[in-house]
Amino acid sequence: MSVGGIENGNGVGNGDAKPFKVFIGYDPREDLAYEVCRYSMLKRSSIPIEIHPIVQSELRQKGLYWRERGKLESTEFSFSRFLTPHLADYEGWAMFVDCDFLYLDDIKKLVDLIDDKYAVMCVHHDYAPKETTKMDGAVQTAYPRKNWSSMVLYSCGHPKNKILTPQVVNTETGAFLHRFQWLNDDEIGSIPFVWNFLVGHNKVVEGDDSTYPKAIHYTLGGPWFDQWKDVEFGDLWVNESEEYTKFALKKAE
């Protein structure tokens, strides 16, 4: 796919610019969500990007992931996401993002927000879900800094992020990882919420363009699940999905 500049992780276009690495969490139950997320990002990107799915079965085969799945893990990438710095060879900046995102703007604008004084950057949500289940019946949990880890820019070469070895990712607690407890608070940079716009929580303020989402996060469940067909902003995802399907079929011809 050359829209925005990659094919199977190989940056093309934009001269010799080094592709920005993106790791998207993959779950077999949400294969289409992954493909649409990837497509929406590529289509709008004006910089070369290198996208890799984080697939638990592959990580297990490589000996990088071995922890047993807990009852509260709603996806296969609940913990494997924290391997992002390792998968990026602890070099440069890279992004992790859940697969239930839809990008509406150029990822270059997000990359331009990177500040090297931070170890990570993310949206600092103050999110306490009222629902007890999400997606296809998965248990909903509430904890400090919830959803901060759903989209993270990592300075992979930062000394603190070298703590995130496969051993640590496989053995540390959910609190340690999802609350960024390997970092000091002043090492966690903030990104505008529109880059991780939580459907059902964040709101668009009429007449204020700065509140319109640049990346929609269907955190409770998206239209690829039958029970979430009518979710807010669901029409945008459905339209993107139909466009992706036409693109994929044409590419396969």
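Six nonpolar, one polar and five charged residues make up the lining of the second largest pocket, where Ala, Val, Leu, Ile, Met, Phe, Trp, Tyr, Cys and Pro count as nonpolar, Asp, Glu, Lys and Arg as charged, and the others, Gly among them, as polar. The model is predicted, and local features need pLDDT of at least 70, side-chain atom pairs count only at pLDDT 80 or more, and totals for chains, interfaces and linings use all residues. Residues are numbered from 1 along each chain as its sequence is written, and side-chain values use heavy atoms, with hydrogens and water left out.

The volume of this second largest pocket is about 190 Å³. A pocket is defined on a 1 Å grid over the protein atoms alone, as an open set of points where a 1.4 Å probe fits, with protein on both sides within 12 Å along at least five of seven lines; lining residues have an atom within 4 Å of a point. Grid points are joined across faces, edges and corners, and a volume is the space filled by probe spheres set on the points. The lining consists of Lys21, Phe23, Glu50, His52, Pro53, Ile54, Val55, Glu58, Leu59, Lys62, Leu87 and Asp89. Two or more of these residues come from each of E3, strand E4 (49–54) and helix H2 (56–61); helices (H or I, at least four residues) and strands (E, at least two) are DSSP runs, numbered from the N terminus. E4 gives the largest share of the lining, four residues.

Asp89, one of the lining residues, sits in the loop between helix H3 (84–87) and strand E5 (93–97). Its phi is near 60 degrees, a positive value in a residue other than glycine. With a relative accessibility of 49%, Asp89 counts as partly exposed, since buried means under 20% relative accessible area, exposed over 50%, and partly exposed in between (1.4 Å probe, protein chains only). Phe180 likewise has a positive phi in a residue other than glycine, near 55 degrees. Phe180 lies in the loop between helix H6 (174–178) and strand E11 (188–190), and it is buried, at 0% relative accessibility.

The protein chain as a whole has seven helices and 13 strands. Of its 253 residues, 52% count as buried. Among contacts (heavy atoms within 4.5 Å) with a separation of 6 or more, 72% join residues 24 or more positions apart.

The interior can be followed from its nonpolar core. Such a core is a set of buried Ala, Val, Leu, Ile, Met, Phe, Trp, Tyr and Cys residues joined through side-chain atoms within 4.5 Å. The largest one has 72 residues, and those with the most contacts inside it are Phe20, Met41, Met95, Tyr103, Ile107 and Met151. Helix H1 (residues 31–44) contributes the largest share of this core, seven residues. Beyond its neighbours within four places in sequence, Met95 is in contact with Phe20, Lys21, Val22, Phe23, Met41, Thr84, Tyr103, Ile107, Leu110, Met151, Val152 and Leu153.

H1 itself has 14 residues and reaches 21 Å from its first C-alpha to its last, close to the 20 Å expected at 1.5 Å a residue; the expected span is 1.5 Å times one less than the number of residues. Buried residues in H1 are Ala33, Tyr34, Val36, Cys37, Arg38, Tyr39, Ser40, Met41 and Leu42.

Arg29 is placed in the loop between strand E3 (20–25) and H1, and is partly exposed, with a relative accessible area of 35%. Arg29 and Trp224 are 195 residues apart in sequence, yet 9.4 Å apart in space, C-alpha to C-alpha. Asp31 belongs to helix H1 and is partly exposed, at 33% relative accessibility. Its C-alpha is separated by 10.0 Å from that of Asp100, 69 residues apart along the chain. Ala33, also in helix H1, is buried, with a relative accessible area of 0%. Ala33 and Phe101, 68 residues apart in sequence, have 7.8 Å between their C-alpha atoms. With its neighbours within four places in sequence left aside, Ala33 is in contact with Cys99, Trp224 and Trp237.
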